[in-house]
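Please keep the sequence and the model in view while reading.

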Amino acid sequence: MRSIWTGSISFGLINIPIKLFSAVQESSLDLDMLDAKDLSNIIFKRFNENTGKEVAYGNIIKGYKIEDKYVILEDEDFQAADAVKTKTIDIQSFVAEKEIDSIYYEQPYFLEPDKGAMKAYALLRDALAASGKVGVTSFVLRNKESLAILKPYKDVIVLNRIRFEQEVRDPSELKLPPVAKTSTKEMDMAEKLIDQLTEKFDISSFKDEYTAKLLDIIKKKAKGKEPKKPTELKVVHKQTDDLMEMLKASLETKKKKSS
């Protein structure tokens, strides 16, 4: 792995130099875009809209348009906006992780202690694990301020970027059914079905099966074998109105599978 950011964690008066690494990788296949006529690769280039000529990446600068003029930003300007946050992950508070709704979670990163920081890093990691709390922090990565939490995962401290409240859309514009005020027979039956299907979560039991099946099709096509045409699936917009019957049938199906 290659680090994508270096800085330090500020924990009270303790300073912990760290390196930041991406914690996840895509499981999807790397598909190339081709011209349907001759299967040539499609290449995206950066062009000057006035001259039509390609612009080398090293000659590209960043600017912000105000009225009809651009204000050009240098690397020093991005640091000057908040020099501390460009190099420091400052823990502002600690909270119970369950207080943070999953809709806010965005991107996880691994933090590795830099030279001389092993002891302080271990102290923070183990203290977080013992307390059951997560540290709330903010820092600047790639010219964007991010809110994040720090939490232990196995032997590593994970920095998980989370969204600001204003980044989550308000669902009030959606057409949604009202929340039930009282319990009903259907609700009781639905809760029984949930209980029946409840089990301990094991992430290792879930695999990216779609990518594996798609790769199998690719290998067969490479050998000249055409895959079977898939059955056309249609969205059912209306089901039977008898929810009780469907719930009972679902419970019976689960019982048969268990036996």
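Which residue in β5 stands opposite Ser10? The residue is Asp90. This is a predicted model, in which local features need pLDDT of at least 70 and side-chain atom pairs count only at pLDDT 80 or more, while totals for chains, interfaces and linings use all residues. Residues are numbered from 1 along each chain as its sequence is written, and side-chain values use heavy atoms, with hydrogens and water left out.

Strand β1 (residues 5-11) pairs with strand β5 (residues 88-96) in the parallel sense over 3 bridges. Strands here are DSSP runs of E with at least two residues, helices are runs of H or I with at least four, and both are numbered from the N terminus; two strands pair if DSSP finds at least two bridges between them. β5 also pairs with β7, in the antiparallel sense and over 6 bridges. Within that pairing, Val95 has Val134 in β7 as its bridge partner.

The nonpolar interior comes next. A nonpolar core is a set of buried Ala, Val, Leu, Ile, Met, Phe, Trp, Tyr and Cys residues joined through side-chain atoms within 4.5 Å, where buried means under 20% relative accessible area with a 1.4 Å probe and protein chains only. The largest such core has 21 residues, and Ile9, Ile18, Ile89, Leu111, Phe139, Leu150 and Leu159 have the most contacts inside it. Elements giving two or more residues to this core include β1, β5, α2 (118-131) and β7, but the largest share, 4 residues, comes from β9. A second, separate core of 6 residues includes Ile100, Val134, Leu147 and Ile162.

Leaving aside neighbours within four places in sequence, Ile18 is in contact (heavy atoms within 4.5 Å) with residues including Ile9, Ile89, Leu111 and Tyr121.

Attention now turns to the pockets. A pocket is an open set of points on a 1 Å grid over the protein atoms alone, where a 1.4 Å probe fits, with protein on both sides within 12 Å along at least five of seven lines; lining residues have an atom within 4 Å of a point. About 430 Å³ of space lies in the largest pocket. Among its 15 lining residues, Thr86, Val140, Leu141, Arg142 and Asn143 lie nearest the centre. α1 gives the most to this lining, with 4 residues. The second largest pocket, of about 330 Å³, is lined by 13 residues, with Ala23, Val24, Pro108, Phe110 and Asn160 nearest its centre. Each volume is the space filled by probe spheres set on the points, which are joined across faces, edges and corners.

Technical notes
Buried means under 20% relative accessible area, exposed over 50%, partly exposed in between (1.4 Å probe, protein chains only).
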